There are 2 protein chains.
Amino acid sequence: MIGYVVYGRGCFNQLDEILSPQRKGDAPMIFLIDHFFNGKPLVNRIPLRGKDIIIYADVTNEPKTSQVDALAQQLKNEFGTISGIIGIGGGSTMDLAKAVSLMMTNPGSSADYQGWDLVKFPGVYKVGIPTLSGTGAEVSRTTVLTGPTRKLGMNSDFTPFDQIVLDPELIKDAPVNQRFYTGMDCYIHCIESLQGTYLNEFSKSYGEKALQLCQRVFLEKDVWDDESDNQLMMASYAGGMSIAYSQVGVAHAVSYGLSYLLGTKHGIGNCIVMNHLEEYYPEGVAEFKRMVEKNKVEIPTGICKGLTDEQFETMMNVSLGMKPLWENALGKDWEKIMTRDKLRKLYEKL
Amino acid sequence: MIGYVVYGRGCFNQLDEILSPQRKGDAPMIFLIDHFFNGKPLVNRIPLRGKDIIIYADVTNEPKTSQVDALAQQLKNEFGTISGIIGIGGGSTMDLAKAVSLMMTNPGSSADYQGWDLVKFPGVYKVGIPTLSGTGAEVSRTTVLTGPTRKLGMNSDFTPFDQIVLDPELIKDAPVNQRFYTGMDCYIHCIESLQGTYLNEFSKSYGEKALQLCQRVFLEKDVWDDESDNQLMMASYAGGMSIAYSQVGVAHAVSYGLSYLLGTKHGIGNCIVMNHLEEYYPEGVAEFKRMVEKNKVEIPTGICKGLTDEQFETMMNVSLGMKPLWENALGKDWEKIMTRDKLRKLYEKL
């Protein structure tokens with residue numbers, strides 16, 4: 001778990017104070033910030049000192065192992081060592097920050113560590129500051145990366161941030177559709193966790209709370225206000241805690257195939273898949289559709305049209321490789337339930 | 001926050017595996033266990049290795065600074081250094097383990113550190129394993145101690161456990177009245193936190209979840225089963241998290257006076273006070289009384305009968321010294337609301 005969690009409106013202003021005791025000599029703090037903020041006022045509020053620098057993270061595509069390796073190499077070449085790295089952005093930026101932190105101290109390529117408990121050494125000090133809520137990347141023990149052969153995270157005890165700063169003011173200006181897709185990532189986490197076979201009371205408590213908060217902001221309320229930001233930020237945190245102690249399910253497993261082949265971003269990919277999962281999550285999907293309608297967001301359709309057999313095979317291989325997700329969703333005998341034929345039909349519908 | 005949290009029925013069996021990587025040479029692990037378990041089967045399940053020892057903690061009274069100092073001195077004399085300390089028991093045992101861990105590395109007496117952020121150095125590795133649920137001591141950044149001049153915790157970033165092991169099987173055999181009093185500590189945390197002026201969405205989310213779990217186990221269900229243990233253990237955790245990010249209120253402030261003067265234990269003391277707080281928490285007190293009735297537990301009355309003026313003064317001084325609690329409960333102008341006269345009348349009713 002994260003050692004230090006600060007939550008509160010305006011707490012971003014405490015960042016200088018939070019970082020001070022973590023500075024090691026004149027080694028800089030690296031602020032890795034979503035390129036969306038280039039030229040925006042938030043950049044002027046970053047407490048730069050000494051050799052600190054801002055790097056804009058291009059998150060047009062989800063993080064790649066090659067991107068992580070290049071960033072870590074660049075920092076090593078320029079500074080030797082750094083005091084820490086602060087990821088400011090959505091799930092992609094936070095995952096990138098976590099991965100770069102680990103690659104400052106672990107040899108080889110980040111692709112070598114895609115999997116479970118392969119990371120050898122703690123990374124440099126790392127801080128996560130979400131500006132979008134829903135992914136749970138601020139609390140997870142993974143960092144989802146697309147590598148040469150797979151889309152899979154560096155799952156390890158060294159992966160979580162040392163500190164997170166949860167300031168609901170920072171998510172206020174998120175584009176409405178982006179906020180919805182990312183928020184639905186959280187909603188889908190809850191449905192997948194709560195209906196999964198891995199569920200225990202710990203993840204259930206977090207999942208139920210996150211679900212209730214999602215229902216409040218996306219269904220019960222008619223206007224989006226500061227309280228909505230406060231609640232969505234907590235929903236993301238609680239949803240992330242819930243899956244940390246259980247697992248996600250069908251929507252994520254299928255969506256990973258889309259991301260790998262088509263580069264579909266995680267939030268929207270989950271929504272595209274969830275739209276067709278009545279068979280597995282009947283109530284959750286019905287509620288999801290009410291949320292889509294109420295929030296007047298369009299979910300893309302027909303994205304698999306015209307793909308070749310080979311491309312379908314690639315997606316299915318990626319998806320069926322996510323064994324723990326399928327087992328959580330469908331039980332030990334999942335392979336008998338989700339046959340290749342059935343999965344192919346599902347992809348064809350998307 | 002706690003770095004490592006394990007939750008699950010039977011997870012106590014993983015203790016040996018959890019402790020192994022934390023052992024430093026042949027320095028022992030110290031298992032500090034509530035004397036209630038002396039001769040009980042749980043003791044045989046403790047994974048002793050090498051020079052490890054079991055110490056039975058006498059928690060007839062709540063922990064004292066003198067007891068903490070003596071225990072730490074005894075361990076230093078016998079072993080020089082230790083690998084870690086594992087507190088197995090209720091809130092008192094866990095607080096004792098946390099305090100002894102800190103006093104293995106900090107000079108002087110634990111009484112020197114009663115207050116906020118006075119502890120200078122991290123303690124030795126410490127693990128909390130609750131066998132009673134409700135106090136939230138497993139997640140708090142304090143350790144409540146009665147010292148020569150005050151009842152106050154060592155509140156610091158070094159105070160929380162490094163690891164907690166939450167195994168609902170361990171709370172199964174708790175005496176029913178003790179389970180109720182301790183469970184009500186959690187319920188009261190929720191009411192005090194949710195109605196306090198310090199509330200934010202973080203503590204609210206945890207407080208609401210803990211409250212709901214308390215309602216399930218103490219009101220909605222007619223039998224106590226494994227699920228009740230699972231849920232009460234999560235309620236304690238979430239209630240503790242809620243107050244970690246807000247504060248307790250009137251029941252705790254008044255109850256501290258009782259503990260200091262009369263040695264009233266924390267859980268029952270809170271119940272005795274809560275019984276008379278309709279004015280401050282009308283709905284919470286009404287629901288509390290329904291829980292008392294449903295669970296057929298008797299709350300002592302008349303415990304302040306025959307006390308001298310001087311004794312009342314002592315209790316009032318201790319209670320009114322808990323400024324953050326009063327401010328959370330009644331706002332900035334709390335001194336105008338809770339006058340000495342009014343507090344005296346409240347104590348006389350208990």
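Two strands are said to pair if DSSP finds at least two bridges between them. Helices (H or I, at least four residues) and strands (E, at least two) are DSSP runs, numbered from the N terminus. The structure is a predicted model, in which local features need pLDDT of at least 70, side-chain atom pairs count only at pLDDT 80 or more, and totals for chains, interfaces and linings use all residues. Residues are numbered from 1 along each chain as its sequence is written, chains are lettered from A and ligands numbered from 1 in the order in which they are written, and side-chain values use heavy atoms, with hydrogens and water left out.

Chain B holds an open sheet of three strands in the order β5-β8-β7, with mixed pairing. Its edge strands are β5 (115-116) and β7 (144-146), each of which pairs on one side only. Strand β8 of chain B, residues 151-155, pairs with β5(B) in the parallel sense over two bridges.

B:Leu145 stands opposite B:Leu152 of β8(B). A hairpin of four residues connects β7(B) to β8(B).

In chain A, A:Asn275 lies in the loop between α9 (266-274) and α10 (282-294). A:Asn275 counts as buried because its relative accessibility is 17%. Apart from neighbours within four places in sequence, A:Asn275 is in contact (heavy atoms within 4.5 Å) with A:Val285, A:Phe288, A:Lys289 and A:Ile299.

Technical notes. Buried < 20%, exposed > 50% of the residue type's maximum accessible area, 1.4 Å probe, protein only.
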